[in-house]
Amino acid sequence: MAKKEFSVTPYEVKGSVDYEKLIKEFGTELIDEKLLKRIKKHTGELHFMLRRKVFFSHRDMNWLLNEYEKGEKFYIYTGRGPSGKMHLGHLLPFLFTKWLQDKFKCKTIIQITDDEKYLFNNKKLEEYTKQGLENIKDIIAVGLNPRLTEIMIDTYNSKTLYNNAIHFAKRLTVSTVKSAFGFNDSFNIGQYFYTSFQAVPAILESVRKGKNVPCLIPLGVDQDPHFRLARDIYPKLGYYKPAIIHSRFLPPLQGTQGKMSSSIAESAIFTTDNKETVKKKVLKYAFSGGRKTLEEHRKYGGNPDIDVSYQYLYQLLEPDDKKIKEIYEEYKSGSLLSGELKLIMIEKANKFLEKHQKARDKAEKIIDKFLIKD
Ligand code: TRP
């Protein structure tokens, strides 16, 4: 693979992602200042992930806000494929979802795709379902409101999902799936069918209410291809196209290539890691944008844009704009050293995780409030 090449699909993220190119390739729209202003009009303040373009791209946000301003409330849909434990990167869309839920008081549906992970990987189905229940604790721990949130596990809610998915599947051809995901004839037919399942929650409120309800899907940009298909097909079935808001990936500790993977333990900070583990991982693995020697660093300064510790602070751990700017400038000027930057990040990560882990323990007892019955 040539140096600048990258690819992003739901099933593989490779290379160093150029997000501007991706917007062109996917045909999405940049979140510009005008749209941010429009959102701010309704939310009072902007989430730092919006201010900092962690959520950088969208489809049909202006339409969604037009509807909202006419009095049509929207609901939120997002999801999680329970391939393994959750790491910090997995939390981004959920933290943002919680903010949207609070600001717009919207109903939220979360889909846990144990079936998907089974179809695409090698463990037993039950293990993905179990992992899904573990992941749900992390999702609840971001503070979602049980009165507004429904969590669907695909194998638990298969009746609702299947009865809607068939209408979608009837209009989705094999050749379309092949070109959207790069599948060939050796893929199993469950993999071909799967998008029909992921698409259902995007119209579920409309089905239930018997009238169209706008839907907004916050997601990591790799999931966009599923919903490109959904946006083609749903108008043919009489539904709205879902609106989408896309986030970047939190890079793996080792550097800005691809996205973090839960299958490589050293590449990620897991939500259940203890303080010592976090410290060890960051000191040992976090890619540094610092110079080779102390003298050079003091003289020429570091590069925060490729420094993983800085990126974690910027995208997730340091919401305070003034503080993040200070860190940026001090690192760039060379007065802040790589080791010092790592220590700032470790402290922030551990504070974040301490709070998250407490909430996660409590979540265990209230899971039932979130699960829906089929
Ligand atoms: N396929 C997603 C994953 O592997 C899970 C998912 C289901 C999802 N529905 C979604 C993600 C809606 C974002 C939005 O993680």
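Reply: Let's start with the term we'll need: a salt bridge here is a side-chain nitrogen of Lys or Arg within 4 Å of a carboxyl oxygen of Asp or Glu. By that rule, 4 salt bridges turn up across the interface of domain 1 and domain 2. Keep in mind that this is a predicted model.

As for who is who, domain 1 covers 7-253 and domain 2 covers 265-361. Their C-alpha centres sit 29 Å apart. On the domain 1 side, 21 residues are in contact with 28 residues of domain 2. Put together, the two domains bury about 2,400 Å² between them, and 63% of that is on carbon and sulfur atoms. Within the share that domain 1 buries against domain 2, Arg 52, Leu 88 and Leu 253 are the ones to look at: they supply 39% of that area, more than any other three residues.

Back to charged pairs for a moment: the side chains of Arg 360 and Glu 134 form a salt bridge, with N to O at 3.0 Å.

The crossing is right-handed. Thr 176, Ala 180 and Phe 181 of H9 meet Pro 225, His 226 and Leu 229 of H12. That contact has 4 nonpolar and 2 polar residues, and no charged ones.

Definitions and conventions:
Residues are numbered from 1 along each chain as its sequence is written. This is a predicted model: local features need pLDDT of at least 70, side-chain atom pairs count only at pLDDT 80 or more; totals for chains, interfaces and linings use all residues. Side-chain values use heavy atoms; hydrogens and water are left out. A crossing is left-handed if the near helix is turned anticlockwise from the far one by less than a right angle, and right-handed if clockwise. Helices (H or I, at least four residues) and strands (E, at least two) are DSSP runs, numbered from the N terminus. Contact means heavy atoms within 4.5 Å. Ala, Val, Leu, Ile, Met, Phe, Trp, Tyr, Cys and Pro count as nonpolar, Asp, Glu, Lys and Arg as charged, and the others, Gly among them, as polar. Domain bounds come from an automatic or database domain assignment. Buried area is the accessible area (1.4 Å probe) that two parts lose on being put together, summed over both.
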